[in-house]
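Biologist: I have a model open and would like to go through it with you. Shall we take it one question at a time?

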Amino acid sequence: MKRRAVAAAALLLLPLTACGGNAAAGSDGSMVTVTVDYQSKTINTVTAGTLLRSLGYFEKELNSLGDGKHYKVDWQDYATGAPITAQMTAGKIDIGSMGDFPLLINAARGKQLGKPTHLVSVTGYNLRGGLNTIVTSPDSKLAGLTDLKGKKVSTSVGSAADGTLVRALQRAGIDPDNGIQKLNQQPAVGASALSAGSADALSQFVAWPGLLTFQGKAKALYDGAQLNLPTFHGVTAREDFAKQRPAVLEAFLKAQSEATDYLNAHPVAAAESVAKATGLPAEVVYLYNGTHGISTFDPAVKPQLISALKRDVSVLKSAKLTGDIDVDSFVDDQYVKKSLGADYAQRLAATPPASASEVWPKRAEKTISFKSPAELLSYVKKHKDGIRAAYVPDATTGTLWFADKAVWVADGSRLLPFVAPATAKAYAAAHGGARVITYGEALGRAS
């Protein structure tokens, strides 16, 4: 990372006034730079990154501290959590956000290098694991996980999506190490490999599966929510930074909470804002971050998420990516508790909203919710030229998906959507008379 010579000199001359290894202080100790790293296109972290940055809430909170300091926030954008961990353990990053598996690697590396870090809040989560999806090319003949045996599967090793792939293969009776040809690739590289045919499938995290599906470049093979194991992204901070500048960290977490409230109150506007900043289609952002989206945003460090984090350790150990990790010592929610005060208990007890079908009409600032997928289809049928996007929850997992990309089943008068073909076929096989139909047929059946 480039830095002006004068700032570097000031950092060397005044180490006691600096904010950890990367916070630059002016010659009089009044200027402090806080470095925040995030993943703009990993839109499950927007309340601690993309959206938070665009809203300016962190800068506002820093300016209101009244401690005589002048603060500058250095926002840095990365594609995955690995480089954030590398920079953080080198003392060059104060605060970062990443997924659950990278968080564990962050904890392990920090302890190994004597640069401990801590999980201080959560950004977005899905209690069933729906943030990760395995997709194939649109014309692929692969119909389920067992078809992946011997195939080339792209993923980012050590990521949450890799964890989903490993667990899904194990449940399908496939050795995740020797049963497939795993390609360790960045998400964008893997997406290109899938399109080029050099990868048979791609296991990735939010928002890549939804993006590729929306673009017609992929179709879902496996819904991560079938694992029924929580997955989430969170905020991590260097321990020395937190101890030296607790008020700054608390200001960040308060700002994150404000950004969360903004996203929940203005989901369409938030989706448009994130889309503008990232280049992602707003329809894809809303799939994950909308009112009934795949992700639920809440900074509270919920017990069920920490329990899931502890279960994740064994996956990383088996892949020889880490050794034992003391998750309890890694988690430190004292700062978010203090920043949110009495509201923290309420947030801790909050549960995700019930799944629902939604339509985003063209030129609309709000979406329309429906009691059932069939009602949504009826609306879409009558307003074909006025629909920007239509979303339906998987009938078994609740994972939201694009209505025209879902796999539909007709069960008597009921029209049921599924993310992946295998779950749709399994439902049809278990319900006499039910059968898989096309989206067009589902629209035709809608009254």
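Biologist: Which helix gives the most residues to the lining of the largest cavity?
Modeller: This is a predicted model. Two helices, H5 (100–112) and H6 (160–171), each supply at least two residues of that lining. The top contribution is four residues, and it comes from H6.

Biologist: How much space lies in the largest cavity?
Modeller: The structure holds one cavity of 30 Å³ or more. Its lining counts 14 residues, and closest to the centre are Asn132, Thr164, Arg167, Leu229 and Thr231. The space inside is about 90 Å³.

Biologist: How are H6 and H13 oriented to each other?
Modeller: Two packed helices are described by the angle between their axes and the distance between the axes. The axes of H6 and H13 (residues 303–318) come within 11 Å and cross at roughly 80°. Angles of 65 to 115 degrees count as roughly perpendicular. H6 and H13 are therefore roughly perpendicular.

Biologist: Which residues of H13 make the contact with H6?
Modeller: H6 brings Gly163, Val166 and Arg167 to the contact. Taking both helices, the contact residues divide into two nonpolar, one polar and three charged. On the H13 side they are Arg311, Asp312 and Val315.

Biologist: Is serine 159 buried or exposed?
Modeller: Serine 159 sits in the loop between strand S6 (152–155) and H6. Beyond its neighbours within four places in sequence, serine 159 contacts Phe101, Pro102 and Phe205. Its relative accessible area is 5%, and the cut-off for buried is under 20%, so serine 159 is buried.

Biologist: Which residue does a cis peptide bond join to valine 206?
Modeller: Omega at this bond is about 10°.

Biologist: What is the relative accessible area of asparagine 228?
Modeller: Asparagine 228 has its place in the loop between strand S9 (219–223) and strand S10 (231–238). Its phi is positive, near 55°, in a residue other than glycine. Asparagine 228 counts as partly exposed, with a relative accessible area of 45%.

Biologist: Is arginine 363 buried or exposed?
Modeller: Arginine 363 is in the loop between strand S12 (357–361) and strand S13 (368–370). It has a positive phi of about 60° although it is not a glycine. Exposed means over 50%, and arginine 363 is at 77%, so it counts as exposed.

Biologist: Which residues are in contact with proline 393, leaving aside its neighbours within four places in sequence?
Modeller: Proline 393 lies in strand S14 (residues 387–393). It is buried, with a relative accessible area of 10%. Its contacts are Ser355, Ala356, Ser357, Gly398, Thr399, Leu400 and Pro417.

Biologist: How many Å apart in space are proline 393 and alanine 259, C-alpha to C-alpha?
Modeller: In sequence, proline 393 and alanine 259 are 134 residues apart. In space, C-alpha to C-alpha, the distance between them is 26 Å.

Technical notes. Residues numbered from 1 in each chain as written. Predicted model: local features only at pLDDT ≥ 70, side-chain atom pairs only at ≥ 80, totals over all residues. Heavy atoms only, no water. 1 Å grid on protein atoms, 1.4 Å probe; cavity = no way out; pocket = protein on both sides within 12 Å on 5 of 7 lines; lining within 4 Å. Points joined across faces, edges and corners; volume = space filled by probe spheres on them. Buried < 20%, exposed > 50% of the residue type's maximum accessible area, 1.4 Å probe, protein only. Axes fitted to C-alpha atoms, helices over the stretch in contact; angles between N-to-C directions. Parallel < 35°, antiparallel > 145°, perpendicular 65-115°, else oblique. Contact = heavy atoms within 4.5 Å. Nonpolar A, V, L, I, M, F, W, Y, C, P; charged D, E, K, R; others polar.
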